[in-house]
Amino acid sequence: EEKVRRSQVLGEITARTGAEHARRFLGRTMRVLVEGKQREGLLQGLTDHYLDVRFAGSPSLAGQLVDVRLDDVRDGTVYGELAEASPSRTPLPVRS
């Protein structure tokens, strides 16, 4: 019982501090490594600060670094919008 309670408390603290950390970046445009498309039809990627970001865009952006404006945080996930004319759209080198 005590282990379950402590685990729940720790989970709540982690969720709260993660959301607070993510909110610090709202309104900024950040570079995101696009990992691919998610079930809800949005692209998913990570920033340099390990923020999980979702945004609309072409699946062809997978594996590229793009600029995304971060607009909202919901359930530990940051939602944003692909920046207009993103100058940093660069494919990452593929190593075999």
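The following dialogue explains how to read several features of this predicted model.

Colleague: On what basis are the features reported?
Modeller: Residues are numbered from 1 along each chain as its sequence is written, and side-chain values use heavy atoms, without hydrogens and water. As the model is predicted, local features need pLDDT of at least 70 and side-chain atom pairs count only at pLDDT 80 or more, while totals for chains, interfaces and linings use all residues.

Colleague: Which pattern does the chain follow along the sequence?
Modeller: Helices (H or I, at least four residues) and strands (E, at least two) are DSSP runs, numbered from the N terminus. Here there are 1 helix and 6 strands, in the pattern α-β-β-β-β-β-β.

Colleague: Is Thr-47 buried or exposed?
Modeller: Buried means under 20% relative accessible area, exposed over 50%, and partly exposed in between, with a 1.4 Å probe and protein chains only. Thr-47, in strand S2 (residues 43-47), is buried because its relative accessible area is 4%. Of the 96 residues in the chain, 33% are buried.

Colleague: With which residues is Thr-47 in contact, leaving aside neighbours within four places in sequence?
Modeller: Contact means heavy atoms within 4.5 Å. Thr-47 is in contact with Met-30, Arg-31, Val-32 and Val-53.

Colleague: Where is Glu-84, and is Glu-84 buried or exposed?
Modeller: Glu-84 belongs to the loop between strand S5 (77-82) and strand S6 (90-91). Glu-84 is exposed, because its relative accessible area is 72%. Its C-alpha atom is separated by 8.4 Å from that of Asp-67, 17 residues apart along the chain.
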